[in-house]
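Here is a note for a colleague who is meeting this structure for the first time. Please read it with the model open beside the text.

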Amino acid sequence: MIEFYTWSTPNGQKVAIMLEEVGLPYRVHRVNIEKGEQFHPDFLAIAPNNRIPAIIDSDNGLTLMESGAILLYLAGKTGRLWPQAFPEKWRVVEWLMWQMGGPGPFLGQVHYFVKFNPGKSTYAEELYTKEALRLYGVLDRRLADVEYVAGDYSIADIAIWPWISRFEWQTVTFDHYPNVKRWYLAIAARLAVERAWHVPPRRSGIPMP
């Protein structure tokens, strides 16, 4: 059993999708970050960085924080969605790290300045919106050559997709990113993704595509 500590954010959604895709039994523990529950001592014992998601694997007692690390762990545990052949293994890692260093932090800043705090800093809004468009361009060019970012559907796609699912928050349309749109809709149609969308129940204003 995987004890899954999460909230309705892109990083939490990554792990929900992975758990649904691989079919591991799990139990959801809601950590309401809007009420500061991520600072509770019980949660900090699992996730010292006071960020969701986090897991406890009751099979072996492992506690783990950081969404990328959790995806790698669950892929390794199940032998799913992370090919081990060369060079496919490293292509997946490459695009997983791209998400962790690019869309995650930078699209998150677009959410902060453009969606939730408009008008507070024109410089920040312009800076992060410009970077968001650059990242969408990188993804679109990659997907012109492959069906999924690392070739086959993998943890790299699972890491990236939840951030793209907030495209309206980022003031992005798919008009100039047809390859991203094709990829996005294909993943949205997966049954595991549909189930994971409601883990935990969605915040208002984030409709399922």
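1. H1, residues 10–22, is mostly covered, since twelve of its 13 residues are buried, where buried means under 20% relative accessible area, exposed over 50% and partly exposed in between, with a 1.4 Å probe and protein chains only. Among the buried residues of H1 are Pro-10, Lys-14, Met-18 and Val-22. After H1 comes Gly-23, with a positive phi near 75°.

2. Two remarks on the basis of this note belong here. This is a predicted model, in which local features need pLDDT of at least 70 and side-chain atom pairs count only at pLDDT 80 or more, while totals for chains, interfaces and linings use all residues. Residues are numbered from 1 along each chain as its sequence is written, and side-chain values use heavy atoms, with hydrogens and water left out.

3. The largest pocket has a volume of about 870 Å³. A pocket here is an open set of points on a 1 Å grid over the protein atoms alone, where a 1.4 Å probe fits and protein lies on both sides within 12 Å along at least five of seven lines; lining residues have an atom within 4 Å of a point. Grid points are joined across faces, edges and corners, and the volume is the space filled by probe spheres set on the points. Of the 30 residues that line the largest pocket, Thr-9, Asn-11, Ile-33, Arg-51 and Trp-163 lie nearest its centre. The elements giving two or more residues to this lining are H1, H4 and H5, and the largest share, seven residues, comes from H5.

4. Helix H5 also has a buried side, with Pro-103, Leu-107, Val-110 and Phe-113 among its buried residues. The buried residues of H5 pack against H4, H6 and H7, contact meaning heavy atoms within 4.5 Å.

5. The buried residues of H6, including Ala-124, Tyr-128, Leu-135 and Leu-143, pack against helix H4 (88–101), H5, H7 and helix H8 (178–188).

6. The structure holds 14 aromatic pairs; rings of Phe, Tyr and Trp (its six-membered ring) pair if their centres lie within 6.5 Å, with planes under 30 degrees apart counted as stacked, over 60 as edge-to-face and the rest as tilted. Phe-106 and Tyr-128 form a tilted pair, 6.1 Å centre to centre with 45° between the planes. This pair links distant parts of the chain, with Phe-106 in helix H5 (residues 103–116) and Tyr-128 in helix H6 (residues 122–143), 22 residues apart. Phe-106 counts as partly exposed because its relative accessibility is 31%, whereas Tyr-128, at 18%, counts as buried. Phe-113 and Tyr-128 form a stacked pair, 5.9 Å centre to centre with 10° between the planes; Phe-113 in H5 and Tyr-128 in H6 are 15 residues apart. Phe-113 is buried, with a relative accessible area of 16%.

7. Elsewhere, Trp-161, Phe-167, Phe-174, Tyr-184 and Trp-197 form one aromatic cluster. Arg-190 lies over the face of Tyr-153, at 3.8 Å from the ring centre, and Arg-166 lies over the face of Trp-169, at 5.9 Å from the ring centre; a charge sits over a ring if NZ of Lys or CZ of Arg is within 6 Å of the ring centre and within 35 degrees of the ring normal.

8. Some backbone details deserve a look. The peptide bond from Ile-52 to Pro-53 is cis, with omega near 5°, and Pro-53 lies in the loop between helix H2 (41–44) and strand E3 (54–57). Asn-50, in the loop between H2 and E3, has a positive phi of about 45° although it is not a glycine, and is buried at 17% relative accessible area. Thr-171 also has a positive phi, about 55°, but at 52% relative accessibility counts as exposed.

Technical notes
Helix = DSSP H or I, 4+ residues; strand = E, 2+ residues; numbered from the N terminus.
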